[in-house]
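Subject: Structure handover

Hello,

Here is the structure to look through. My notes on what was found in it follow below.

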Amino acid sequence: MEQTRDEIRLASDLQSDSIVDGPGLRTVIWTQGCGHKCKGCQNPQTWDHNGGGLVPLDMVKEAIDELECQTGITFSGGDPMYQPYQCTELAKYCKKKGYNIWVYTGFTYEKLMEMAKKDKIYLEFLKYIDVLVDGPFILKERNLSLLFRGSSNQRLIDVPKSLKENKIVLFDESEYLEEDKLKRKKTYI
Ligand code: SF4
């Protein structure tokens with residue numbers, strides 16, 4: 001059966017209380033489908049565009065309504081940009097509820113802006129995103145000390161500022177790096 005715009009293909013249930021997919025306590029929406037096929041990808045089971053399961057957007061919204069004590073919502077996968085209509089609808093819903101939104105994608109910001117010239121939905125989706133973690137995972141550039149990302153080519157992009165200034169503005173991660181250092185220090189004491 002063909003996927004409608006009222007359904008999203010997910011790799012799994014929503015996962016609450018994540019502390020590694022952006023700042024604070026977050027719920028991750030694991031989308032199914034990714035064409036980047038990065039060497040060393042941790043979730044190759046999410047590549048198949050026909051895998052996972054189709055879930056009505058209303059059901060996902062109900063699950064979002066039931067969340068408690070979450071700082072934000074993170075779209076990951078898979079690559080959420082393969083289902084831009086559905087993800088935009090959900091991002092809009094989450095934003096209305098006051099959640100901060102992070103999105104992981106294998107596309108670069110520049111590529112998404114190019115794609116947006118052909119289909120405005122990409123720009124529409126970007127408008128609801130606080131931080132975009134962009135670019136494919138590159139095994140040769142893997143770096144475990146990076147904050148919230150796996151390889152050094154990937155950037156944490158402050159999307160509202162980037163759209164406003166019409167150039168890429170990086171997310172200020174200094175506050176989180178300090179917190180991270182403190183956490184590490186505490187484990188030595
Ligand atoms: S973009 Fe992400 S999910 Fe897709 S292949 Fe690369 S690492 Fe895996």
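This is a predicted model: local features need pLDDT of at least 70, side-chain atom pairs count only at pLDDT 80 or more; totals for chains, interfaces and linings use all residues.

Around the ligand

By class, the shell around the ligand holds five nonpolar, six polar and two charged residues. Nonpolar means Ala, Val, Leu, Ile, Met, Phe, Trp, Tyr, Cys and Pro; charged means Asp, Glu, Lys and Arg; the others, Gly among them, are polar. The ligand is surrounded by 13 residues, and the closest are Cys 34, Cys 38, Cys 41, Gly 106 and Phe 137.

Residues are numbered from 1 along each chain as its sequence is written.

The chain

The protein chain has six helices and eight strands, in the order β-β-β-β-α-β-α-β-α-α-β-β-α-α from the N terminus. Both are DSSP runs numbered from the N terminus: helices are H or I with at least four residues, strands E with at least two. Of the 189 residues, 35% count as buried (20 or more other C-beta atoms within 10 Å of a residue's own; exposed is 12 or fewer, partly exposed in between; C-beta atoms are placed from the backbone).

One residue

Gln 15 lies in strand β2, residues 15-18. Gln 15 counts as partly exposed because it has 14 C-beta neighbours inside 10 Å. The C-alpha atoms of Gln 15 and Val 28 are separated by 5.1 Å, at 13 residues apart along the chain.

Regards

Key
A residue is near a molecule or strand if its C-beta atom, placed from the backbone, lies within 6 Å of it.
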